[in-house]
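Here is a short note to read beside the model.

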Amino acid sequence: MTGPIGPAPSFGPQQGPAAPTSPVPAAAGWAPGAAGPTAAPPEPARSPGRPRRAVVLLTLALVGVLVAAGLVGARLWTTTQQWERTAADWEALARSHGDQLAQTQAELEATTGDLQATREQLATAQTRITELADEKAQLGDTTAAQQQLADYQARVSQAAGNVATALANCVDGQETLIGYLEDASRWDAADLARFRAEVERVCGAATEANAALQRELTR
Amino acid sequence: MSATGHRARHGRGLVTVLLASAAVGGCALLPAPPAPVPTSVVPSSVPAPTATADATQLSPDGFDAAQRMAVRIRNIGCGALSTGSGFALDEHTLVTNRHVVADSAQLELSTYDGRDVGAEAASTAALADLAVVRTVDPLPAAPVLAEADPAVGDPVTVVGYPLGRQLTVTDGRVVGTVTDPLHENLGEVLVTDAPVEPGSSGSAALDASGRVIGVVYAKNSDGLSFVVPVSTLRTLLSDTAAFAPAPSCG
């Protein structure tokens, strides 16, 4: 049981393994216990068209594969062409937008410059408006001060005029009173006293006018 | 029909199915053709850019709200002339100091751009150095009063006419509170280091948001300015009896 495994002993006459065996009718030359060339054991029956069908199938498969490969290749070629066209369109679109972007950036830069210039002009205008408002206010202050001065001068002039008028009245009254007093016997004493009181009132008014003038002058 | 024929047909069918499956599967694995190129990839609508900080400050003439609400006051008294500042409270009312409108025969108002505004009547408060003036013509802009007084350290901006000259905007900070050294105001007043000058009296003191936090009324020799807090202003404005017609010298 442990020896090398050799070829199995045959039970029939020795035949070369490469000797073709011609088809022999299954019953020809066979007899139990008979020895001879017909003693070979029976082989399973083979279909003579089987290799040919395999070849046909393989051929068909190969053709199918080739056809499929062709279709795939055609599809790939078509797709590649489409992608190339699309890529070219995208590039054209990108360049178009790039041109637009460059144009827009240039316009933006110009507009930004204009905006900056406008801001500077606005700042200058605001400064000038503020200055003009101040100048106007100062002129208003000056006008108001001058008006106050004019009013003051008018009041002083008025007061001085009142003083002058009152003084003139006072002087006239006193001169008249002096004339009356030089010949007092001709006049009624009560009338003289009344006239003197009137002269004193007029001169008092002159004194008051002068005081008012002095008050105005000290304001 | 023999078994061999059956197997052959089975084989051909199997091969056909395998080939069809391979064709379909292979086609599925192939790259799809590209989509058509659009005529433009510029979006039809884009989100509007957010406004910048400067844009929020835009006004009809470029002046900011703090300048537009400022009012210059010329007090023509009886033999005296003085100037002060004020700010609009609403379209026909402005706020200033009591001493700015005191002893006046006539008040003349002008805006930041030099326009004259007719003054109608002035009323002064007894408990604070505050006054309100009604105007005939509308004022350009009015600010918002802050809800509460500022805290120490808060920034403050003063807008007014120091020395009766150009409209200026000066900045500083609240440095504290103190009892009014001039005894013109009831309660405490704010002390700031924002530079002011005579003529700045009545100027609005604004916070960082442009809201009024007080009314400038005095300064000291150390360069500190004193401000009537907005809480006092609010209290007096809400009291209809707090203001009485200002006495006139004329």
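1. Helices (H or I, at least four residues) and strands (E, at least two) are DSSP runs, numbered from the N terminus. On that basis chain A has 2 helices and 0 strands.

2. Keep in mind that this is a predicted model: local features need pLDDT of at least 70, side-chain atom pairs count only at pLDDT 80 or more, and totals for chains, interfaces and linings use all residues. Residues are numbered from 1 along each chain as its sequence is written, while chains are lettered from A and ligands numbered from 1 in the order in which they are written.

3. Of chain A's 219 residues, 4% count as buried (20 or more other C-beta atoms within 10 Å of the residue's own, with C-beta atoms placed from the backbone). Take the chain A contacts (C-beta atoms, placed from the backbone, within 7 Å) between residues at least 6 apart in sequence: 69% join residues at least 24 apart.

4. Chain B puts 33 residues in contact with 35 residues of chain A. On the chain B side, α1 (3-29), β1 (70-77), β2 (81-90) and β4 (104-111) each give two or more residues. α1(B) gives the most, with 10 residues.

5. Which residues of helix α5 (residues 230-238) of chain B are buried? They are B:Val230, B:Thr232, B:Leu233 and B:Leu236. They lie on the same side of α5(B), because they cover an arc of only 155 degrees around the axis (taken from the directions from the helix axis to the C-beta atoms). The buried residues of α5(B) pack against β3 (93-96), β5 (116-125), β11 (212-219) and β12 (225-229) of chain B.

Notes: Two residues are in contact if their C-beta atoms, placed from the backbone, lie within 7 Å. A residue is buried if 20 or more other C-beta atoms lie within 10 Å of its own, exposed if 12 or fewer, and partly exposed in between; C-beta atoms are placed from the backbone.
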